[in-house]
Amino acid sequence: MPAAVAVPVDAEDVVSLVKWAAESRKSLIPRGSGSSMSGGAIGNGVIVDLSRINHLGRIDERSRTVWADAGVLWSTLDVAARRRGLRFPVDPSSGSFCTIGGMVATNASGAHTLRYGSTRAWVNAIDCVFSDGDRAVITRGEPPPKRIAAIGRFMRDVHGEIVASDKRRPIWHEGVRKESSGYAIHDYATKADLVDLLVGSEGTLAIIVAVQLSLSPVPAATSSVLGSFPSLEEATAAATKAVAVGASTCELLDRTILAYAGTAAGGDEKLREHVEGAAAILLAEVEGDSAEAAAIGAEQLAAAFRESGAKDVDVALTPDAEHELWELRHAASPILAALEHSTSMQFIEDGAVPLSKLPD
């Protein structure tokens with residue numbers, strides 16, 4: 001159980017809180033919306049609720065950047081950015097209520113991470129408070145501030161060890177598209193950029209109070225493809241082809257969730273057609289500079305699915321049609337959560353394997 005909950009209203013409050021914790025030897029646990037599934041925002045210390053530090057700065061359309069306080073919701077940023085034809089493309093399923101600070105602290109991913117990577121690649125600078133109560137802005141590509149005691153200790157005692165250790169044996173799982181186990185040691189060893197190390201550190205190295213993010217243009221058009229496969233092996237083989245074709249998202253639903261989805265489909269005849277007899281379903285999206293380009297990409301995806309053994313392929317070229325296809329994916333968790341008289345079947349983790357090993 002937490003000892004207390006502190007609710008700072010600005011960065012200076014966080015500085016005061018950290019100085020008090022350092023003097024009194026109390027533990028602080030930063031928290032955004034608490035949407036993380038791994039329990040990182042709870043513990044036996046003082047919970048620091050950062051949700052009220054939530055100012056969203058002006059979006060710079062020329063540089064495609066924005067400063068956002070830690071408590072800004074992803075959905076708030078998404079609405080503001082799209083008004084200017086931009087977006088923060090990392091889109092976790094909890095986007096409607098998760099915070100930007102939490103996303104940076106956990107190096108969050110989303111459906112579009114397949115094409116755009118996870119949060120780390122989009123962070124330009126971090127405004128944070130270190131364990132002594134010192135506050136600094138750490139900017140990608142710039143030398144770390146010299147006046148911060150915690151950074152001085154790190155550079156003196158840890159930096160060299162990380163670089164030397166990584167040269168002896170890279171601290172990285174070979175061939176994976178994302179590394180979710182621990183700190184980004186390999187990234188730091190190869191680039192020596194503290195931003196990479198702070199992103200994903202889950203509040204253990206500093207408390208994030210604001211970040212500067214890069215944004216990307218909203219695609220002119222998208223199309224989606226759903227493929228039903230008679231075996232899991234064929235579906236995963238098709239997923240690797242989807243990556244090669246250039247899919248921006250690709251998600252798989254296996255026999256277990258499909259069995260419940262079929263029951264939940266009720267009178268939805270089209271949904272039942274996709275689900276019945278399928279061992280797995282793949283849902284993928286492609287982006288294009290025009291509707292025609294997106295349609296061509298979708299046909300390439302559909303061809304790749306058929307070549308891999310899909311028994312049924314559905315192509316959606318309009319927003320309404322795409323929404324209908326993706327309803328099945330978005331309904332997965334609610335379907336499982338709504339099961340009566342049964343233990344929850346959801347075990348959400350962030351494992352990664354080399355793409356070539358996915359079928360295995």
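We'll go from the overall picture to a sheet, the cores and then the salt bridges.

First, some housekeeping: this is a predicted model, where local features need pLDDT of at least 70 and side-chain atom pairs count only at pLDDT 80 or more, while totals for chains, interfaces and linings use all residues. Residues are numbered from 1 along each chain as its sequence is written, and side-chain values use heavy atoms, leaving out hydrogens and water.

The chain has 14 helices and 13 strands; these are DSSP runs numbered from the N terminus, with helices (H or I) of at least four residues and strands (E) of at least two. Of its 360 residues, 44% count as buried, where buried means under 20% relative accessible area, exposed means over 50%, and partly exposed is in between (1.4 Å probe, protein chains only). Take the contacts between residues at least 6 apart in sequence: 66% of them join residues at least 24 apart, with contact meaning heavy atoms within 4.5 Å.

Now find the open sheet of 3 strands, which runs in the order S1-S3-S2 with parallel pairing. Its edge strands, S1 (4–6) and S2 (28–31), each pair on one side only. On average, neighbouring strands here are turned by 25° against each other, direction ignored. Strands count as paired if DSSP finds at least two bridges between them; S1 and S3 (residues 46–49) have 3. Within S3, isoleucine 47 stands opposite valine 5. Helix H1 (residues 11–24) lies across S1, S2 and S3, and runs at about 155° to S2. For such angles, axes are lines fitted to C-alpha atoms, for helices over the stretch in contact, and the angles run from 0 to 180 degrees between N-to-C directions.

For an antiparallel pair, look at strand S4 (residues 65–69), joined by 5 bridges to strand S8 (residues 207–214). Threonine 65 faces serine 214 of S8. S4 is mostly covered, with 4 of its 5 residues buried.

What about the greasy parts? A nonpolar core is a set of buried Ala, Val, Leu, Ile, Met, Phe, Trp, Tyr and Cys residues joined through side-chain atoms within 4.5 Å. The largest one has 43 residues, and Phe88, Ile100, Ile126, Phe130 and Ile138 have the most contacts inside it. Leaving aside neighbours within four places in sequence, phenylalanine 130 touches residues including Val18, Ile138, Ile148 and Leu205. Apart from this core lies another, of 17 residues, among them Phe229 and Leu301.

Between glutamate 12 and arginine 135, the closest N and O atoms are 3.3 Å apart. Glutamate 12 lies in H1 and arginine 135 in strand S7 (residues 135–139), so this pair ties together parts that are 123 residues apart in sequence. Aspartate 127 also bridges to arginine 135, at 2.7 Å. Aspartate 127 is buried, at 8% relative accessible area, whereas arginine 135 is partly exposed at 30% and glutamate 12 is partly exposed at 47%.

Elsewhere, arginine 115 and glutamate 287 meet in a salt bridge (3.5 Å, N to O). Arginine 115 sits in helix H4 (residues 113–116) and glutamate 287 in strand S12 (residues 280–288), so parts 172 residues apart in sequence are tied together. Glutamate 287 is buried at 14%, while arginine 115 is partly exposed at 45%. The whole structure has 9 salt bridges.

Note on methods: Salt bridge = Lys/Arg side-chain N within 4 Å of Asp/Glu carboxyl O.
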